[in-house]
Amino acid sequence: MPSIDASGTELHYERAGEGEPMLLIQGMSATHLAWGEPFLEQLRRSFDLIVFDNRGMGLSGRAELPFTTADLAGDTAALLDALEIETAHVVGISMGGMIAQELALAHPERIRTLTIGASYCGGPGG
């Protein structure tokens, strides 16, 4: 099972398919498995699909507290760097949408398209 070191945190990821890169960012407490195989299978037909577990989740390394959604966006950028992906279509759901927004704010040049579902933009303490 592949993993990368993102600023001292081991991130588990899976990559399969062909086409333009698409990165899926999962929500709080969910793993890469939560996307569901039927959904992933359809995306792999058209995209170089990357799914991963956020720090402290699933097969990724333990999370040292505290951390922010901006820190998780940094992990995501480190994953793109490790995979030598300059730009990607980014899809985030729930907290993954918040991470995707932080990624877009910090690294707009890395985003081909941004799709956010069941999320919000944060706020005090967000």
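A contact here means that heavy atoms lie within 4.5 Å.

**Figure 1. Contacts and overall fold of the protein chain in a predicted model.** Among the contacts in the protein chain with a separation of 6 or more, 67% are accounted for by residues 24 or more positions apart. The protein chain contains three helices and six strands, and their order, read along the sequence, follows the pattern β-β-β-α-β-α-β-α-β.

**Figure 2. Dimensions of the protein chain, as given by its C-alpha trace.** Along the principal axes, this trace spans about 40 × 30 × 25 Å. A compact globule of 126 residues would have a radius of gyration near 14 Å, and the 13 Å of the protein chain therefore agrees with that expectation.

Figure 3. Because buried means under 20% relative accessible area, Asp48, with a relative accessibility of 11%, counts as buried.

**Figure 4. Surroundings of Asp48, with its sequence neighbours within four places left aside.** On this basis, Asp48 is in contact with Arg15, Ala16, Gly17, Glu18, Gly19, Glu20, Pro21 and Met22. One of these residues, Arg15, is also joined to Asp48 through a polar contact of 2.6 Å between the two side chains.

**Figure 5. Asp48 and Met95 viewed as a pair of C-alpha positions.** Asp48 and Met95 are 47 residues apart along the chain, and a distance of 23 Å separates their C-alpha atoms.

Definitions and conventions:
Residues numbered from 1 in each chain as written. Predicted model: local features only at pLDDT ≥ 70, side-chain atom pairs only at ≥ 80, totals over all residues. Heavy atoms only, no water. Helix = DSSP H or I, 4+ residues; strand = E, 2+ residues; numbered from the N terminus. Rg over C-alpha atoms; globule rule 2.2 N^0.38 Å. Buried < 20%, exposed > 50% of the residue type's maximum accessible area, 1.4 Å probe, protein only. Polar contact = N/O pair within 3.5 Å; in protein donor to acceptor, adjacent residues only side chain to side chain.
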